[in-house]
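User: I've got this model open and want to talk through a sheet and one of its residues. Can you walk me through them?

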Amino acid sequence: MNVSQNTENEDIKKEAERQAAFQATCQADLQGTESDRCTADKCGNCGCGDKAAAAAGDASDTSAEQSAEKDAEQRIAELEAEKNDFQDKYLRKSADFENYRKRTAKEKQEIFDYANANLLTDLIGVLDDFDRALDAGFDADGKPVADLKPVIDGVKMINKQLRSMLENKYDLTVYGEKGDLFDHDKHEAIATDKGAVAESVCSEVYLKGYMLKDRVIRHAKVKVTTPDGSQQAAGKTAEDSGESCGN
């Protein structure tokens with residue numbers, strides 16, 4: 001064997017050893033950790049680079065999904081808190097309105113119950129005057145006195161005071177006197193007759209009428225005398241006299 005043949009054999013042996021070492025390195029990269037794994041730059045045949053890229057894409061998608069779920073959960077929690085806040089405000093407003101309704105109903109009822117308190121207080125004084133007038137009709141032994149003039153005078157005084165108080169303090173006026181002209185808006189005719197009158201008049205007053213300010217609260221009950229034709233109204237007489245002068 002010559003020198004050239006020995007050199008060639010050595011080169012073949014070294015190439016074989018290099019190929020064996022390279023394949024051993026690839027096997028170790030496939031089975032080793034992430035830091036020792038081979039890439040497409042080292043070995044174009046094993047496909048390790050494609051697997052690593054796919055794994056990185058899956059990890060990115062998982063992270064995005066987790067972030068979206070976290071945002072959705074946070075939004076749901078915010079909406080739940082907002083709903084609870086609105087519900088609490090609604091319950092408070094509902095309770096406030098119910099309390100207001102009960103309070104106003106109670107106030108209205110109190111106004112209705114005690115609306116006439118002032119009037120009744122004034123009438124108590126009138127009742128006291130009646131008691132004193134009645135006491136004047138009896139002597140010290142409790143026997144009726146023969147002279148009832150003090151009683152009559154007392155009743156007249158009470159009547160005058162009561163009318164004055166009702167008129168001046170409560171705007172309650174009384175009307176209805178014999179001889180007043182009949183007014184359908186103020187009088188109620190419960191009897192009628194004919195007489196020598198020019199217009200219908202109240203010939204008898206059975207019950208007086210009362211007005212509160214400008215409103216009739218009780219019509220006067222009267223007997224009405226209507227014209228029998230023997231008398232003419234004053235306006236008609238004046239008109240007839242004017243026509244006569246013109247002629």
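Predicted model: local features only at pLDDT ≥ 70, side-chain atom pairs only at ≥ 80, totals over all residues.

User: Is Thr225 buried or exposed?

Analyst: Thr225 lies in strand S6, residues 220-227. The cut-off for buried is under 20%. Thr225 comes in at a relative accessible area of 9%, so it's buried.

User: Which side chain makes a polar contact with the side chain of Thr225?

Analyst: Leaving out residues up to four places away in sequence, Thr225 touches a group that includes Lys194, Val197, Ser200 and Asp193. The polar contact with the side chain of Thr225 comes in at 2.7 Å, and the partner is the side chain of Asp193.

User: Switching to the open sheet of three strands, which strands stand at the edges?

Analyst: The order is S1-S4-S5, with antiparallel pairing. An edge strand here has a single partner strand, so one side of it is left without a neighbour in the sheet. That describes S1 (172-175) and S5 (215-218).

User: Over how many bridges do S1 and S4 pair?

Analyst: S4 covers residues 209-212, and its pairing with S1 is antiparallel. Within S4, Gly209 stands opposite Tyr175. The S1 and S4 pairing runs over four bridges.

User: What angle does the direction of helix H4 make with that of S1?

Analyst: H4 spans residues 149-170 and packs on the sheet, where it touches both S1 and S4. Its direction and that of S1 make an angle of about 130 degrees.

How values were computed. Residues numbered from 1 in each chain as written. Heavy atoms only, no water. Pairing = 2+ DSSP bridges. Helix = DSSP H or I, 4+ residues; strand = E, 2+ residues; numbered from the N terminus. Contact = heavy atoms within 4.5 Å. Axes fitted to C-alpha atoms, helices over the stretch in contact; angles between N-to-C directions. Buried < 20%, exposed > 50% of the residue type's maximum accessible area, 1.4 Å probe, protein only. Polar contact = N/O pair within 3.5 Å; in protein donor to acceptor, adjacent residues only side chain to side chain.
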